[in-house]
Amino acid sequence: MAATATKIPEHIFRRVERALYDYRANKAAVKAFEAEQEELRRSAGGRQLPAVDADTIRPQGGHSDPTHRLTVHLLRREAQIARPRYQVAVIEAAMGALSELQRQIVERKYFDPDKPSDQVIAKDLGIERTTLYRQREEIVRTLAIAFGWWHEWE
């Protein structure tokens with residue numbers, strides 16, 4: 001049965017909503033990481049930071065090596081930011097597949113720091129709450145498919 005013909009399981013629905021609610025924080029974390037990377041490039045005199053394989057990182061003679069510490073720090077930060085970066089990229093790409101109304105709903109419901117109620121969102125957008133809920137279902141379905149989670153309910 002196709003993903004569009006069945007109800008989205010609650011756990012997937014909540015996972016998508018969590019990614020949407022986390023979007024602003026994840027976007028800020030990615031931006032901070034990129035600023036940190038840029039600052040490291042500037043402090044390296046414009047030289048390209050080398051690509052490093054985690055398996056080859058070992059300090060020489062067991063001594064504390066600043067290059068080793070920086071490399072380990074960069075690898076840890078890269079691992080920490082991988083999931084938020086992925087989620088931001090998927091959400092931003094999927095937003096292009098949404099209608100204007102759906103994008104407005106996402107902006108108000110998930111990205112607005114004031115967290116307006118569904119009733120307020122529906123009123124502001126000039127739609128019924130039932131329309132808001134149907135649109136939210138389609139938004140979540142679109143994002144679940146974009147994240148590749150649709151196969152979990154087929």
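Reply: Helices here are DSSP runs of H or I with at least four residues, strands are runs of E with at least two, and both are numbered from the N terminus. On that basis the chain reads α-α-α-α-α along its sequence, with five helices and zero strands. The model is a predicted one.

Some background on the chain comes first. Of its 154 residues, 36% are buried. Among contacts between residues at least 6 apart in sequence, 72% join residues at least 24 apart.

Two packed helices are described by the angle between their axes and the distance between those axes. Helix α3 covers residues 100–111 and helix α4 residues 118–125; they pack at about 140°, with axes 11 Å apart. That angle makes α3 oblique to α4, since only angles over 145 degrees count as roughly antiparallel. The crossing in which α3 passes α4 is right-handed. On the α3 side, the residues that meet α4 are Leu-101, Gln-104, Ile-105, Arg-108 and Lys-109, and their counterparts in α4 are Asp-118, Val-120, Ile-121, Asp-124 and Leu-125. By class, the residues of this contact are five nonpolar, one polar and four charged.

Between these two helices lies a loop, and Lys-115 is placed in it. Most residues other than glycine have a negative phi. Lys-115, not a glycine, has a positive phi of about 50°. Its relative accessible area is 46%, so Lys-115 is partly exposed.

The other partner is α5. Here the axes are 10 Å apart and the angle is about 95°, and α3 and α5 are therefore roughly perpendicular to each other. From α3, the contact draws on Leu-101, Gln-102, Ile-105, Val-106, Lys-109 and Tyr-110; from α5, it draws on Leu-132, Gln-135, Arg-136, Glu-138, Ile-139 and Val-140. The residues of this contact divide into seven nonpolar, two polar and three charged. Leu-101, Ile-105 and Lys-109 take part in the contacts of α3 with both α4 and α5.

With a relative accessible area of 5%, Leu-98 is buried. Leaving out residues up to four places away in sequence, Leu-98 touches Arg-103, Val-106, Ile-139 and Thr-142. The C-alpha atoms of Leu-98 and Thr-142 are 7.9 Å apart, although the two residues are separated by 44 residues along the chain.

Val-106 leads on to the nonpolar core. The largest such core has 27 residues, and those touching the most other members are Val-16, Leu-20, Ile-91, Val-106, Phe-111 and Leu-143. At least two residues of this core come from each of α1 (10–43), α2 (66–95), α3, α4 and α5 (129–147). Beyond its neighbours within four places in sequence, Leu-143 is in contact with Val-16, Leu-20, Ile-91 and Ala-94. Ile-145 is partly exposed, at a relative accessible area of 36%, whereas Leu-98 is buried.

Technical notes:
Residues are numbered from 1 along each chain as its sequence is written. This is a predicted model: local features need pLDDT of at least 70, side-chain atom pairs count only at pLDDT 80 or more; totals for chains, interfaces and linings use all residues. Side-chain values use heavy atoms; hydrogens and water are left out. Axes are lines fitted to C-alpha atoms, for helices over the stretch in contact, and angles run from 0 to 180 degrees between N-to-C directions. Angles under 35 degrees count as roughly parallel, over 145 as roughly antiparallel, 65 to 115 as roughly perpendicular and the rest as oblique. A crossing is left-handed if the near helix is turned anticlockwise from the far one by less than a right angle, and right-handed if clockwise. Contact means heavy atoms within 4.5 Å. Ala, Val, Leu, Ile, Met, Phe, Trp, Tyr, Cys and Pro count as nonpolar, Asp, Glu, Lys and Arg as charged, and the others, Gly among them, as polar. A nonpolar core is a set of buried Ala, Val, Leu, Ile, Met, Phe, Trp, Tyr and Cys residues joined through side-chain atoms within 4.5 Å. Buried means under 20% relative accessible area, exposed over 50%, partly exposed in between (1.4 Å probe, protein chains only).
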